[in-house]
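Look over the sequence and the model below. Then follow this report from strand to strand.

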Amino acid sequence: MSEQQSAPEQLAVGKSQGGAGATYKVVLFEFENFQGCKAEIFAECKGVTEKGLEKVGSLIVESGPWVGYDRHGFTGEQFVLEKGEYPRWDTWTNSQSSYSLLSLRPLKVDSAEHKLHLFENPKFTGRKMEIVDDDVPSLWGHGFQDRVASVKSLNGTWVGYMYPGYRGQQFIFERGDFKHWNDWEAPAPQIQSVRRVRDMQWHKRGCFILPDPAPAPGPDPDPTPGPPVLPASAGTS
């Protein structure tokens, strides 16, 4: 690591221990559906090959959260891994651009509060959107464009997505300043949805659950009921 570090790089120092009193454990399996060789990870892992695995086909997060990468040394595409089971690669990503997970580290969630500032241009200029203790499935739905070129993460840990509905490539925002989209290793200044990352220290469930779809509306009641039906045993005159 170079001597001159940006704010996100400085945050990387010592983050493997997470917050005070936090514990971390993830179990990696070589094949899908929790089969094959496995390895238990309790701290940052720069390469799964160091743990005797050629690849990761499935995993179980027992306590977290974690962030995985598709390259060694915490580089490449990022994947948020909250408490739960991930039986195959498409359960931790839907970007369709990467099929590998080669390194991972714990994510620090420093408080139960969440506050995020999004900016249209680099160095915190242009239009601004503030998000406090909420998940936003569509920035457009809140009157903000999809261009996000700099970010201030004031409280909590967040994950941004390239597309609405928490879809596409993921970008992690731990507490700190991100002056340019290169700071979160994005190919372009595009984010269309953001949400909070949870953990067991501050949140009961400690994981992200997609909301159930709204039930389909039932048939409207008939406003003009027909004549009453006589019981089967009743006779006619």
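How many bridges join S1 to S3? Five bridges join the two strands, which run antiparallel. Two strands count as paired if DSSP finds at least two bridges between them. Strands are DSSP runs (E, at least two residues), helices are DSSP runs too (H or I, at least four residues), and both are numbered from the N terminus.

The model is predicted, so local features need pLDDT of at least 70 and side-chain atom pairs count only at pLDDT 80 or more, while totals for chains, interfaces and linings use all residues. Residues are numbered from 1 along each chain as its sequence is written, and side-chain values use heavy atoms, with hydrogens and water left out.

## The whole chain

Of its 237 residues, 44% are buried. Buried means under 20% relative accessible area, exposed means over 50%, and partly exposed lies in between (1.4 Å probe, protein chains only). The accessible surface of the chain comes to about 12,800 Å². Carbon and sulfur atoms hold 51% of that surface. These areas come from the Shrake-Rupley method with a 1.4 Å probe; for residues, only the protein chains shown count as cover.

Now take contacts, meaning heavy atoms within 4.5 Å. Among contacts between residues at least 6 apart in sequence, 67% join residues at least 24 apart.

Strand S1 covers residues 25-31. Five of its seven residues are buried, so S1 is largely enclosed by the rest of the structure. S1 and S2 pair in the antiparallel sense over five bridges. They form a hairpin with three residues between them. In that turn, Asn 33 has a positive phi of about 60°. Phe 31 stands opposite Gln 35 in S2, and Val 26 stands opposite Ile 41 in S2. Towards S3, Leu 28 has Leu 59 as its bridge partner.

Ser 63 belongs to strand S3 (residues 58-63). Its side chain reaches the backbone oxygen of Thr 23 at 3.3 Å. That is a polar contact: a pair of N or O atoms within 3.5 Å; within protein, one must be able to donate a hydrogen and the other to accept it, and residues adjacent in sequence count only if both atoms are side-chain atoms. Not counting residues up to four places away in sequence, Ser 63 touches Thr 23, Tyr 24 and Lys 25.

Strand S8 (residues 115-121) and S9 run antiparallel, joined by six bridges. Lys 115 stands opposite Val 132 in S9. The two strands form a hairpin with three residues between them, and Lys 123 in the turn has a positive phi of about 60°. S8 also pairs in the antiparallel sense with strand S10 (residues 150-155), over five bridges. There, Leu 118 stands opposite Val 151.

Arg 127 sits in strand S9 (residues 125-132). Its side chain reaches the backbone oxygen of Gly 143 at 2.8 Å. A polar contact of 2.8 Å also joins the side chains of Arg 127 and Gln 145.

Trp 140 is in the loop between S9 and S10. Beyond four places in sequence, Trp 140 touches Gln 145, Asp 146 and Gln 192. Pro 164 is 24 residues from Trp 140 in sequence, yet their C-alpha atoms are 8.6 Å apart.

## Cysteines and accessibility

A disulfide is a covalent bond between the sulfur atoms of two cysteines. The cut-off used is a pair of cysteine sulfur atoms within 2.5 Å. The structure holds zero disulfides.

| Residue | Relative accessible area | Class |
|---|---|---|
| Cys 37 | 44% | partly exposed |
| Cys 45 | 1% | buried |
| Ser 63 | 14% | buried |
| Arg 127 | 42% | partly exposed |
| Trp 140 | 52% | exposed |
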